Amino acid sequence: MPELPDLVHIVKTLGPAVEGRRISHSTVKNPIVLRVLVPGDFPDLVAGKTIVSLLRHGPFLKFNLGDLDLVMHLMLAGRLRLSGPGERALAATAFSFELEEGLSLHYGDEKSMGKVYLGPAGSFEAIPGYLTQGIDVTSPAFTFEAFNELILKKRCQARVFIMDQTCLSAIGNAYADEILFEAKIHPKAPCYSLGPDRRRALYDAVKSVLTWGIEEVAKAGLPLEDKARDHMRVRGRAGENCPRCGQTIRRTGVLGFDSFFCPSCQPDLTGRGLDWTKLSRK
Ligand SMILES: [Zn+2]
C-alpha cells in the first residue's frame, strides 16, 4: 500500500511531468475501479481535458482536469506509471490516458481494490473518507497542541490512534510501526497511559519519521509504481535484530493488523502483555 511518503514522491515527480498536458484519448480495460459521478462515459468525459494540477489530500491523489476532478485512492495495490513512446503499460492496467508527445499515464490495480472517482471539480461529498480526513501531519496545522488535544480524548491503543485517519491523516501500517519504534512506545499502549513526555515523544516521532521517510523514498528514486521499503527499521523485520539494541524484533496483532516492534525498546508498561524478551527467538 502506498503510504504518505510514497504519495509525496508521486506528486513531486509525476506532477511536473503531467501538469499542463492534454489527454488526447483514454482506454478503459477494467472499469471496476472507476466511479463516475457525472453523466457520461469515462473516456468521453476525460478526452480533450488538460491536467491542470496534481495534489495530495491525505491518502488521495487529486488530478484537476478543469471542471472535473479525478480523485484516486490507491488502497492496497493501485499503482501509477508514466510511460514514453513504445514503453509498456502496467501488468494489470485498469485504464490509461494518452497524453501529448507520446506520453501515457497508466493506472494498474492487481486487486481491483483501489477507487478512482471522476466528479465535478471541488465536490467531494460522494467520495468516502475525503472530507473526514484529520490533520495533515506534514502541514503547519500539525502542532503539538493540536496533537495533544486529539490524543487526550482517546482511550484506544497508541497504534490505533495514530492510524485513525479522522485524527491524523494518512499514516499507514508501515510508518505507524516506524513511528512507535522511534518514540519507544509499545503498539498496544493505551493512549491514556502516555504521560506528557511520552505524548511529546510520539508527536516528535510522527514528524521526524515521516520527514525521514519522504527523504528516503526520494533518495531511493524508484519508478512511480514501486514502493521503497528497504529503509524500514522494524516493519517487516520480525526475527531480525533491533538496529538500536540488538533484541529480536517481534510481530504482534493490533486490531487484526500486523505490527512489528522491539520488545526491549518498546516495553509493555501496562504489565498485562507477554514478556517477549523472555521468549525464545523462534
Ligand atoms: Zn530495540
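Predicted model: local features only at pLDDT ≥ 70, side-chain atom pairs only at ≥ 80, totals over all residues.
Residues are numbered from 1 along each chain as its sequence is written, and side-chain values use heavy atoms, with hydrogens and water left out.

**Exercise 1. The zinc site**

Task: Identify the atoms that coordinate the zinc ion, and state the geometry of the site.

Solution: 

Step 1. Donors are N, O and S atoms within 2.8 Å of the metal (3.2 Å for Na, K and Ca); water is not among the atoms, so sites may look incomplete.

Step 2. The SG atoms of C242, C245, C262 and C265 coordinate the zinc ion, at 2.2 to 2.4 Å. Along the chain, these donors follow the spacing C-x2-C-x16-C-x2-C.

Step 3. Four donors count as tetrahedral if all angles lie between 85 and 135 degrees. The angles among the four donor atoms of the zinc ion are 101 to 114 degrees, and the site is tetrahedral. For comparison, the ideal angle for four tetrahedral donors is 109.5 degrees.

Step 4. Buried means under 20% relative accessible area, exposed over 50%, and partly exposed in between (1.4 Å probe, protein chains only). Both C262 and C265 are buried.

**Exercise 2. The largest pocket**

Task: Describe the volume of the largest pocket and the residues that line it.

Solution: 

Step 1. Rolling a probe the size of a water molecule over the atoms shows where empty space is left. On a 1 Å grid over the protein atoms alone, a cavity is a set of points where a 1.4 Å probe fits but cannot get out, and a pocket is an open set with protein on both sides within 12 Å along at least five of seven lines; lining residues have an atom within 4 Å of a point. Grid points are joined across faces, edges and corners, and a volume is the space filled by probe spheres set on the points.

Step 2. The volume of the largest pocket is about 380 Å³. Its lining has 26 residues, of which M1, M163, Q165, I171 and G172 are the closest to the centre.

Step 3. Helices (H or I, at least four residues) and strands (E, at least two) are DSSP runs, numbered from the N terminus. Two or more lining residues come from each of helix 1 (4-18), strand 9 (115-120) and helix 4 (158-162).

Step 4. Ala, Val, Leu, Ile, Met, Phe, Trp, Tyr, Cys and Pro count as nonpolar, Asp, Glu, Lys and Arg as charged, and the others, Gly among them, as polar. The lining of the largest pocket therefore divides, under these classes, into 16 nonpolar, six polar and four charged residues.

Step 5. Domain bounds come from an automatic or database domain assignment. Domain 1 (4-120) and domain 2 (135-278) each give at least three residues to the lining of the largest pocket.

**Exercise 3. Buried or exposed?**

Task: Classify R81, R198 and L255 as buried, partly exposed or exposed.

Solution: 

Step 1. R81 is found in strand 6 (residues 78-83). Its relative accessibility is 13%, so R81 counts as buried.

Step 2. R198 belongs to helix 6 (residues 196-220). Its relative accessibility is 22%, so R198 counts as partly exposed.

Step 3. L255 is in the loop between strand 12 (250-254) and strand 13 (257-261). Its relative accessibility is 64%, so L255 counts as exposed. L255 is not a glycine, yet L255 has a positive phi of about 50 degrees.

How values were computed
Tetrahedral: all angles 85-135°; square planar, octahedral: opposite > 155°, others 65-115°.
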